[in-house]
Amino acid sequence: MYKIEKFNELAKIVAEKRAVNADLEPRRMTAEEKDTLLATFHPDYKQEEFTVLSAGVNKGDKVPTQLAELLQGKSRISAADVDLTAPDYDTDVLIIGGGGAGASAAIEADEAGAKAMIVTKLRIGDANTMMAEGGIQAADKPNDSPAIHYIDAFGGGHFAAKPELVKNLVTKAPEAIQWLNKLGVEFDKEADGTMVTTHGGGTSRKRMHAAKDYSGAEIMRTLRDEVLNRGIPVVDFTAAVEIILDENGKAAGAVLMNMETKELLVARAKTVIIATGGAGRLHYQGFPTSNHYGATADGLILGYRVGARLLYADTLQYHPTGTGYPEQIFGALVTEKVRSLGAKLVNIDGEVFMHPLETRDVTAASIIRECTERDKGIETSLGKAVWLDTPMIEYKHGEGTIEKRIPAMMRMFGKYGIDIRKEPILVYPTLHYQNGGLNISADCSTDIENLYAAGEVAGGIHGRNRLMGNSLLDVIVFGRDAGMNAAAKAKETAVPENLTLKHIEKFNSELENAGVANETASPMLLPKYARKA
Amino acid sequence: MDNMVNVYLFGKKYTVPEGLTIMTAMEYAGYDLVRGCGCRNGFCGACATIYRIKDKQELHACLACQTEVQEGMYVATLPFFPLVKQIYNIEEIKPTEQIMMQLYPEIYACIGCNACTKACTQELNVMQYIAYAQRGEYEKCAEESFDCVMCGVCSSRCPAGISHPQVAMLARRLNGKYIAPGCGHLEDRVKEIKDGTFEELIEDLMQKPIDEIKELYNTREIEK
């Protein structure tokens, strides 16, 4: 039961129309309808929320205003603060970030015989990967193929992705699933071993593999266990604050900062992989976020300062179904799997206002339209929201389905007295994913030699919109590739000499000359949520 | 003005609005969190916390990001707990009863006090999954422990010194790799890709003019 009686009353309308709504097969929008909807209601189209960069390799491009402030912000150090001739760590492959991509990279670099090391500002596994609920795509069923997956991903991303990256994503997907399975990841399977797969928004085949609604957690904890079994060093509570270059402008390590003592340390490496994840905690346009505490775009800053270009940094994913109520979990992810299992989106009058499995950008824009122009949202203490009719799942598939397939969702709402098996829930878009990022080539290399990027920090794989289940996939596929390629490159690279941080001063003067220098400490590292009296 | 409640963070009193979680109450009180804060959504286990309500006996355990503050709550966070994780090679071990005996023999010293279960922040039946592990029933252990976030509160309460989350982690990997049925269609597809079955098809898509691929996308058949 909802603590607010009005919601219980409104939920009755949803219950009354459930049988009719369940049978309904809503029409999918045409390409033109989608274009108009996005242009009118998607947050990426709000020009006033973006700033054009005045310095750096993307000068002239627009990015979200909060990101621009950091990209043109102030380094946390100056070159004189550290002694680059006496590194505290020496390794072949330095991996910045301990999420799904970083852990996958570390395992593969280790497998290739390279000396790998992970640094992470929190703990290994503190990452968006851990929070991915719905699943991971791979075209491994007989009625599916990597080519169909290619069309879904490329089209879902508005034909903007880099074809060579999409090719890698889809053709390496089945092997990624197999790799995870061999590491011991438990996928939902039938008794004969057939994978239980469902649709995601924008998929044309049921290719979403899952581990209940703890898919990312199950993958992440297994990868973490494997990293530890291999004895790969993990330096935790230690952030990278600047990339170090060698005299020829190649990446050669990073300056690290202990998050607790603020001690600065130098890590020298033959190759560096940035796997720092996304940026939800920058709360673009004031949106709540489904992201991890550490999702503060650090990798974009690190790369940008040494001259690595960004691609599609102006496109963000607002997950259509963030929690709209209760306040305690406002913005928390309600997995798309809820809709994959058959729950529909319903407005205040109990009407199904769209097909529940359009792509995420279209679905988010449609919910925003329902709550603004059409004024069919449900008023909460934090704004408007629409219903996601979760009881429809058991109406269609029988009692017990929710506990078996989406236990995390049941628990999350259950803590606030809401039984999602019996009551619909309130949802509104939440900042979820950075579609763009550091521009990478097919081998995961950035524009800077010996500097690689993988996972959410990389751009170009998903174009301007990512499909559900292609992010867990991307962190595994590109994490592994980055690890292998960075290890191979390290083998042919000598220990870097004459390390420098000259880029800091150079970038500072560029900012000064452009008149945009600001005092914001960058990278952000952690959001500032403490109330200061 | 919101209704306020009094909470005691590490024993010190703060007055905070009701409805906050323990985590947001700490931030309201002015804490800049580094330790003890992770996903903020109940998946990562970073914010294990123990609390007791003033003048009450019972000790509670929870995740700070998932638990509302209450009047008179005495709170201590447990941002790190020294679990014992044994090192093994997943390719070399097998799902035998002996493997638990070798790696985590302390599980056989369980005295059945059930303190682990009572403390679990995810309301799992921890003692039961340890019992399954003792008997080598890894499939059941994996299922029973599946929602574990490895926060370590169970282990903090265990008189036998068991690292329950690590035992369960091993059981799940054994189950996922060795016990759960293999997947034929997955192996077939991996082989097809290695044989280059889709290479030409995808190269062709990569070369297509944008209008043609748009047409393909907009008219593609969607599985019901």
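## Helix α1 of chain A and its cover

In this predicted model, the buried residues of α1(A) are covered by elements that include α2 (18-23), β15 (345-346) and β17 (383-388) of chain A. Which residues of α1(A) are buried? They are A:Phe7, A:Ala11 and A:Val14. These residues span an arc of only 45° around the axis, so they sit on the same side of α1(A). Turn to the other side of α1(A) and you will find A:Glu5, A:Lys6, A:Glu9, A:Lys12 and A:Glu16, which are exposed.

The length of this helix can be checked too. Helix α1 of chain A runs over residues 5-16, and at 1.5 Å a residue its 12 residues should span 16 Å. Its end C-alpha atoms lie 17 Å apart, which agrees.

## Strand β17 and its partners in chain A

With 2 residues between them, β16(A) and β17(A) form a hairpin. A further antiparallel pairing, over 3 bridges, links β17(A) to strand β18 (residues 425-434) of chain A; in β18(A), the bridge partner of A:Val386 is A:Val427.

## The sheet of chain B

Now for chain B, where 5 strands make an open, mixed sheet in the order β2-β1-β5-β3-β4. At its edges stand β2 (12-17) and β4 (60-63) of chain B; each has a single partner strand, so one side of each lacks a neighbour in the sheet. From one strand to the next, the twist averages 35°.

Within this sheet, strand β3 (residues 48-53) and strand β5 (residues 73-77) of chain B pair in the antiparallel sense over 5 bridges. B:Thr49 stands opposite B:Thr77 in β5(B). Helix α1 (residues 22-29) of chain B lies across β1 (4-9), β2, β3 and β5 of chain B, and runs at about 105° to β2(B).

## Where the chains meet

How many residues does each chain bring to the contact? Chain A brings 66 residues and chain B brings 60 residues. On the side of chain A that touches chain B, the elements giving two or more residues are α6 (128-131), α7 (146-156), α8 (163-171), α9 (173-183), α10 (215-229) and α16 (407-414) of chain A. Of these, α9(A) gives the most, with 7 residues. The residues on this side of chain A comprise 31 nonpolar, 15 polar and 20 charged.

Notes:
Residues are numbered from 1 along each chain as its sequence is written. Chains are lettered from A and ligands numbered from 1 in the order in which they are written. This is a predicted model: local features need pLDDT of at least 70, side-chain atom pairs count only at pLDDT 80 or more; totals for chains, interfaces and linings use all residues. Two residues are in contact if their C-beta atoms, placed from the backbone, lie within 7 Å. Helices (H or I, at least four residues) and strands (E, at least two) are DSSP runs, numbered from the N terminus. Ala, Val, Leu, Ile, Met, Phe, Trp, Tyr, Cys and Pro count as nonpolar, Asp, Glu, Lys and Arg as charged, and the others, Gly among them, as polar. Two strands pair if DSSP finds at least two bridges between them. Axes are lines fitted to C-alpha atoms, for helices over the stretch in contact, and angles run from 0 to 180 degrees between N-to-C directions. The expected span of a helix is 1.5 Å times one less than its number of residues. A residue is buried if 20 or more other C-beta atoms lie within 10 Å of its own, exposed if 12 or fewer, and partly exposed in between; C-beta atoms are placed from the backbone. The arc is that of the directions from the helix axis to the C-beta atoms.
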